[in-house]
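Dear colleague,

Please find the structure we discussed below. My notes on its contents follow, and I would be grateful if you could read them beside the coordinates.

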Amino acid sequence: SHNALMDEMQTQVKELCFMLDQNTSEDQFDCSAWVTCLESYVIDYNNRLLYSVISSHIFEKSAQEFDTFLGNLEKVMEHATNEIRPLEDDQEKARLYKMIVKFYDHVNLANQQKLMFTNNRKELQKQIASELEPKISEATKDMTSQLIGLVSIFTALLFIIFGGISSLNGIMSSLSTEGAPYPVLPVLIVATAWAFCLMNLLFGFMYFVLRIAN
């Protein structure tokens, strides 16, 4: 079936990629074995190379792993240029050389796509950060100002209300003292005036705290 054929092709292309992953010394990679595997694949599947499998393999690699992969492939290219390209009169060899060049070209294309994607993502992250950081800083500053304002107002309320109550309590207590030196009416007038002053003091304090907070 078509699915089974595609699975077989993907498996063989992956095997070609895995062979290039070998971390060998400069002269140990077997270029002839890799070329033989590619030649067998080309014959079996009539030059239909699955580039998507190569791309997926490249995208998963770190920079060091890709250097190893590309180093082995460059050895294959050198081998093909010296050993296969001179046999261009042989159509099979000419087709094989062309497939090696296509494989090499697509590997470099996939790597360029990966680098471009990585760079674009970094640039996008920088752009998002540059756009959001001022707004986040402004929102944080505004929240901090509001918090300071609330705490300040709450503190003012405590001092003014309890201070006012304590003062009024001192004034009113004179009414309950036997033989108070002051008549009731003047005491009530003083108490009312003092309460009026406290309300204005509270309003003024809240007004200036909100101005500072903004």
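**Salt bridges**

Glu-39 is partly exposed, at 23% relative accessibility; here buried means under 20% relative accessible area, exposed over 50%, and partly exposed in between (1.4 Å probe, protein chains only). Before going further, please note that this is a predicted model, in which local features need pLDDT of at least 70 and side-chain atom pairs count only at pLDDT 80 or more, while totals for chains, interfaces and linings use all residues. Residues are numbered from 1 along each chain as its sequence is written, and side-chain values use heavy atoms, with hydrogens and water left out.

Glu-39 forms a salt bridge with Lys-93, and the closest N and O atoms of the pair are 3.7 Å apart. This pair links distant parts of the chain, since Glu-39 belongs to helix α2 and Lys-93 to helix α5, 54 residues apart. Helices are DSSP runs (H or I, at least four residues), numbered from the N terminus. Lys-93 is likewise partly exposed, with a relative accessibility of 24%.

A salt bridge is counted when a side-chain nitrogen of Lys or Arg lies within 4 Å of a carboxyl oxygen of Asp or Glu. By this rule there are three salt bridges. In general, side chains of opposite charge can pair when their charged atoms come close.

Another salt bridge joins Lys-61 to Asp-21, with 3.3 Å between the closest N and O atoms. This pair also links distant parts of the chain: Lys-61 is in the loop between α3 (51-59) and α4, and Asp-21 is in the loop between α1 (2-20) and α2 (31-45), 40 residues apart. Lys-61 counts as buried because its relative accessibility is 12%, whereas Asp-21, at 23%, is partly exposed.

The remaining pair is Glu-92 and Arg-95, whose side chains meet at 2.7 Å, N to O. Both residues lie in helix α5, three residues apart, which is about one turn of the helix. An α-helix has 3.6 residues a turn, so residues three or four places apart point the same way. Glu-92 is partly exposed at 42% relative accessibility, and Arg-95 is partly exposed at 25%.

Helix α2 has 15 residues and reaches 21 Å from its first C-alpha to its last, close to the 21 Å expected at 1.5 Å a residue. The expected span is 1.5 Å times one less than the number of residues in the helix. Its buried residues are Cys-31, Trp-34, Val-35, Leu-38, Tyr-41, Val-42 and Tyr-45. They lie on the same side of α2 because they cover an arc of only 120° around the axis, the arc being that of the directions from the helix axis to the C-beta atoms.

Helix α4 (residues 63-83) has 21 residues and a reach of 30 Å from first C-alpha to last, close to the 30 Å expected. Buried in α4 are Phe-66, Phe-69, Leu-70, Asn-72, Leu-73, Val-76, Met-77 and Ala-80. These residues span an arc of only 160° around the axis and so share the same side of α4. On the other side of α4, Gln-64, Asp-67 and Glu-78 are exposed.

Which residues form a nonpolar patch on the surface? They are Phe-154, Leu-158, Ile-161, Phe-162 and Ile-165, with about 510 Å² of accessible area together. Patches are made of residues with over 30% relative accessible area and no salt bridge; like charges are joined within 9 Å and nonpolar side chains (Val, Leu, Ile, Met, Phe, Trp, Tyr) within 5 Å. Accessible areas come from the Shrake-Rupley method with a 1.4 Å probe, and for residues only the protein chains shown count as cover.

Leu-158, one of the patch residues, is in helix α5 (residues 91-173) and is partly exposed, at 36% relative accessible area. Ala-156 also lies in helix α5, but is buried at 5% relative accessibility.

**Cysteines**

The structure holds zero disulfides, a disulfide being a pair of cysteine sulfur atoms within 2.5 Å. For Cys-17, the nearest cysteine sulfur is that of Cys-37, 12 Å away. Cys-17 is buried, at 0% relative accessibility, whereas Cys-197 is partly exposed, at 42%.

With kind regards

Notes: Helix = DSSP H or I, 4+ residues; strand = E, 2+ residues; numbered from the N terminus.
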